[in-house]
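Biologist: I am new to this structure and would like to go through it with you, step by step. Could we begin by looking at it together?

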Amino acid sequence: MLLPELKVRRDKIRVLMAQQGIDAALITCNVNLIYTYGRVVSGYLYLPLNAPARLFIKRPNNVTGEHVHSIRKPERLPELIKECGLPIPVKLMLEGDELSFTEYNRLAACFPGTEVVPCGTSLIRQARSIKTNIEIEMFRRSGAAHTKAYEQIPSVYKPGMTDRQLSIEIERLMRLEGCLGIFRVFGQSMEIFMGSLLAGENAAVPSPYDFALGGEGLDPSLPGGVNGTLIQAGQSVMVDMGGNFYGYMGDMSRVFSIGKLPEKAYAAHQTCLEVQEAVVRQAKPGTVCEDLYNTAIDMVTKAGFADYFMGMGQKAKFIGHGIGLEINEMPVLAPRMKQELTPGMVFALEPKIVLPGVGPVGIENSWVVTTEGLEKLTLCKEEIVEL
């Protein structure tokens, strides 16, 4: 990662730190290290408000460069900071929403005379919500690779497959196009592999996770996605694989069918496409996220699909979510979300309907907010494709 890009990112964090009177940040969680240092390491990025960042690293032992210092345990941090000619901070920010209780307290104890605040996670996530030009280009490249993999899905389907067998073949396509495989989610309560494939009635099975749709999963230890069901004629199949090709979690869902579906399914799918079109037309800098959600709800209600929108018995209470180094960033298109769209935000919009006896239909694409409106990042045909 080029230093000028990293400086832009660090300075975005510094602006927010200055607003809260914070002298320095100590960053140690993987995603935030990727954002501020360009890679995962075991160690600590010390980010002073008015001086260059320092990396205090435990592993790997081959990282060198200006402002890089070896460290074995965090208790040496104050000593090393002083050796760098820097003052011990009066107010220090830690990643309070991500560090374990033990690790947070250990780091805080290293600075006994310092006011330690836990707002690092929320502040850095706020900075990350507005993407840089280089980040947006990574999304564009990821979208192209994501599309290339999805376009090959019909070639790997074979009659008699289970949802698990088809998912494995699609996962292979994604990996061959460069997908890193890991699906990064903020928060410890949500887990998934590369994404989900939902066929037929399995799409209506509720999940403990705050995803748009659930699925039973193959085992109670990972209750989401495929459950080994046989894919049958008259069913819809929704593919929703996370497109992590360059560290950035692009999001795209497409629907396939085994033979023809009932007419109601095509009408529901068309409603989702119309919701997407209306939201995209409305979404501009300054648009309130809640207003976009309400637009979607009004449209599906008038179309007669409100009971099946974003799930059946258990519904997701959003139609879109920010994406980035993690799949669930800001903004969120949901009720009571008063945040306004800002140029540089990137989010996934996913109006989806689950029909009894058929399965899921709908659409999901990734979008970047520009000064004029929205730019689509996932360019793949959107109609239901018959397998």
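Biologist: In which strand is the place of Pro-331?

Modeller: This is a predicted model, in which local features need pLDDT of at least 70 and side-chain atom pairs count only at pLDDT 80 or more, while totals for chains, interfaces and linings use all residues. Residues are numbered from 1 along each chain as its sequence is written, and side-chain values use heavy atoms, with hydrogens and water left out. Helices (H or I, at least four residues) and strands (E, at least two) are DSSP runs numbered from the N terminus. The peptide bond from Met-330 to Pro-331 is cis, with omega near 5 degrees, and the place of Pro-331 is in strand S11, residues 329–333.

Biologist: Does His-67 count as buried, partly exposed or exposed, and why?

Modeller: His-67 lies in the loop between S3 and S4, and its phi is near 65 degrees, a positive value in a residue other than glycine. Buried means under 20% relative accessible area and exposed over 50%, with partly exposed in between, using a 1.4 Å probe and protein chains only. Because its relative accessibility is 24%, His-67 counts as partly exposed.

Biologist: How far apart in space are Arg-336 and Ser-167, C-alpha to C-alpha?

Modeller: Arg-336 is found in the loop between S11 and strand S12 (346–349), and has a positive phi of about 70 degrees although it is not a glycine. With a relative accessible area of 67%, Arg-336 is exposed. Arg-336 and Ser-167 are 169 residues apart in sequence, and their C-alpha atoms are separated in space by 36 Å.

Biologist: Which residues does UniProt list for "domain: Creatinase N-terminal"?

Modeller: UniProt positions are given in the numbering used here, with feature names shortened, and annotations may be inferred rather than shown by experiment. An unreviewed UniProt entry places "domain: Peptidase M24" at residues 138–370, a stretch that is 29% helix and 21% strand. For "domain: Creatinase N-terminal", also from an unreviewed entry, the residues listed are 9–130.

Biologist: What is the radius of gyration of the protein chain, and why does it agree with a compact globule?

Modeller: The secondary structure of the protein chain comes to ten helices and 17 strands, and its C-alpha trace spans about 70 × 40 × 35 Å along the principal axes. The radius of gyration is taken over C-alpha atoms, and the globule rule is 2.2 Å times the number of residues to the power 0.38. With 387 residues, a compact globule would have a value near 21 Å, which agrees with the radius of gyration of the protein chain, 23 Å.

Biologist: What percentage of the residues of the protein chain count as buried?

Modeller: Contact means heavy atoms within 4.5 Å. Among contacts with a separation of 6 or more in the protein chain, residues 24 or more positions apart account for 65%. Of its 387 residues, the share that count as buried is 56%.
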